[in-house]
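The sequence and coordinates come first.

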Amino acid sequence: MPRPTTAQIAYGSVTVVFSTLAMLLLSRTASGVGVAVIAVAALGLGLLVAMTVPTPEPAAPSLPAPPITPERVPAQRAALAEPVREPAGP
């Protein structure tokens, strides 16, 4: 299971804090049950936001360059010395 990134943790935490404050201020609840419901809803919203933050994809492993051997040097020089040919236009 992949670990959460810093962006996921930050966005989820900020969402929980701000959504809890907004819901508490808008609902004006004073009961413990109301506060608990709002807290659970804010945690769920924060989890949803954290899971939808795009994660960077791991870079594809690059293949190492083939070693330069004495046998390959003339072929490489010939390929570099060849002039660039442009296609004939209409």
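Val-14 lies in helix 1, which spans residues 6–27; helices (H or I, at least four residues) and strands (E, at least two) are DSSP runs, numbered from the N terminus. The model is predicted, so local features need pLDDT of at least 70 and side-chain atom pairs count only at pLDDT 80 or more, while totals for chains, interfaces and linings use all residues. Residues are numbered from 1 along each chain as its sequence is written, and side-chain values use heavy atoms, with hydrogens and water left out.

Val-14 has a relative accessible area of 43% and is therefore partly exposed; buried means under 20%, exposed over 50%, and partly exposed in between (1.4 Å probe, protein chains only). Together with Val-17, Phe-18 and Leu-21, Val-14 forms a nonpolar surface patch with about 390 Å² of accessible area. Like charges are joined within 9 Å, and nonpolar side chains (Val, Leu, Ile, Met, Phe, Trp, Tyr) within 5 Å. Areas come from the Shrake-Rupley method with a 1.4 Å probe; for residues, only the protein chains shown count as cover.

Helix 1 packs with helix 2 (residues 32–52) at an angle of about 150°, and their axes are 8 Å apart. That angle is why helix 1 counts as roughly antiparallel to helix 2; the cut-off is over 145 degrees. Axes are lines fitted to C-alpha atoms, for helices over the stretch in contact, and angles run from 0 to 180 degrees between N-to-C directions. The crossing of helix 1 past helix 2 is right-handed, that is, the near helix is turned clockwise from the far one by less than a right angle.

Ile-9 is in helix 1 and is partly exposed at 47% relative accessible area. Ala-41 is in helix 2 and, at 37% relative accessibility, is also partly exposed. Each takes part in one of the C-alpha pairs below.

| Pair | Separation in sequence | C-alpha distance |
|---|---|---|
| Ala-41 and Thr-20 | 21 residues | 8.2 Å |
| Ile-9 and Leu-47 | 38 residues | 9.2 Å |

Overall, the chain has three helices and zero strands, in the pattern α-α-α along the sequence. Of its 90 residues, 11% are buried. The accessible surface comes to about 7900 Å², with 71% belonging to carbon and sulfur atoms.

Terms used. Patches are made of residues with over 30% relative accessible area and no salt bridge: like charges are joined within 9 Å, nonpolar side chains (Val, Leu, Ile, Met, Phe, Trp, Tyr) within 5 Å. A salt bridge is a side-chain nitrogen of Lys or Arg within 4 Å of a carboxyl oxygen of Asp or Glu. Angles under 35 degrees count as roughly parallel, over 145 as roughly antiparallel, 65 to 115 as roughly perpendicular and the rest as oblique.
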